[in-house]
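User: Please examine the model shown below and answer some questions on its backbone and packing.

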Amino acid sequence: MSSVIGAKIRQYRRLRGITQEQLGSLVGVTTQAVSKWERGGTPDAELLPEIADVLEVSVDALFGRAEVTLEAEIISKLVSDESGDVFNHAFRLCCMVLLGLVREKSIAETIPEGFPDNLRNSFNIKYFSKLLYDSGIVCARLSHDFRYFFLLPSPEKPLNEKLVDREQIREVFEVLSHPEVLDIIFYMYTRLNTPVSTSLIAKNTGLSHDRADE
């Protein structure tokens with residue numbers, strides 16, 4: 001049973017996005033003690049409720065008895081995240097999806113502590129990833145200054161069937177590249193998640209009200 005507890009502590013700690021050192025500090029033990037648990041040791045019984053609380057799971061879950069699907073657990077973690085950092089938490093999960101899609105079983109044993117947050121110290125390095133499969137494509141940029149995750153399962157019908165009107169697509173890009181449209185886009189990005197009106201756009205871009213409305 002000790003090996004089950006250790007494996008579960010490791011699983012939930014990583015899902016929670018905390019290091020062995022952080023877990024040890026939160027429950028009042030050393031990093032070496034946490035490492036020993038995860039290698040098959042057994043925490044003192046009185047520590048189990050505190051460990052469960054820190055990892056936001058039940059004591060039963062530490063014994064492998066919780067019958068909660070991974071999907072439900074992820075949703076629960078994100079819904080209950082009150083740290084104000086829910087997007088970084090979600091992106092961390094996306095990074096784990098990316099590693100899982102590499103389809104190499106041993107990779108779970110080699111994930112560096114703190115990944116992907118430890119990339120913050122590599123400002124001069126750009127981390128890109130692209131995985132191509134018959135069943136879909138995954139693209140990601142893990143650099144801390146600009147991060148994204150994109151997953152596209154292959155559609156049942158070929159993508160080129162969506163590109164039926166070449167002239168219409170050209171017109172869309174022509175509109176988006178117009179200097180006045182770019183002025184509006186750049187202005188709106190200074191007011192993220194804030195409603196803007198035609199009057200505000202006109203005032204802050206130098207366009208006439210009619211032109212901005214158009």
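Predicted model: local features only at pLDDT ≥ 70, side-chain atom pairs only at ≥ 80, totals over all residues.

User: In what order do the three strands of the open sheet stand?

Analyst: Strands here are DSSP runs of E with at least two residues, and helices are runs of H or I with at least four, numbered from the N terminus. Two strands pair if DSSP finds at least two bridges between them. The pairing in this sheet is antiparallel, and the order is β1-β2-β3.

User: Why is one side of β1 and of β3 left without a neighbour in the sheet?

Analyst: β1 and β3 (148-153) each have a single partner strand. One side of each therefore lacks a neighbour in the sheet, because both stand at the edges.

User: Which residue of β2 stands opposite K130?

Analyst: β1 pairs with β2 (residues 136-141) in the antiparallel sense, over six bridges. Within β2, the residue opposite K130 is C139.

User: How are α9 and α10 oriented to each other?

Analyst: The axes, lines fitted to C-alpha atoms over the stretch in contact, are 10 Å apart, and the helices pack at an angle of about 105°. Such angles run from 0 to 180 degrees between N-to-C directions; those under 35 degrees count as roughly parallel, over 145 as roughly antiparallel, 65 to 115 as roughly perpendicular and the rest as oblique. The pair α9 and α10 is therefore roughly perpendicular.

User: Which residues of α10 make the contact with α9?

Analyst: Contact means heavy atoms within 4.5 Å. From α9, the contact involves D183, I184 and Y187. From α10, the residues are L200, I201, N204 and T205.

User: Does R103 count as buried or exposed?

Analyst: R103 lies in the loop between α7 (86-101) and β1 (128-133), and its phi is near 65°, a positive value in a residue other than glycine. Buried means under 20% relative accessible area, exposed over 50% and partly exposed in between, with a 1.4 Å probe and protein chains only. Because its relative accessibility is 68%, R103 counts as exposed.

User: What is the phi of N193?

Analyst: N193 sits in the loop between α9 (179-188) and α10 (198-205). At 83% relative accessibility, N193 counts as exposed. This residue is not glycine, yet its phi is positive, near 60°.

Conventions
Residues numbered from 1 in each chain as written. Heavy atoms only, no water.
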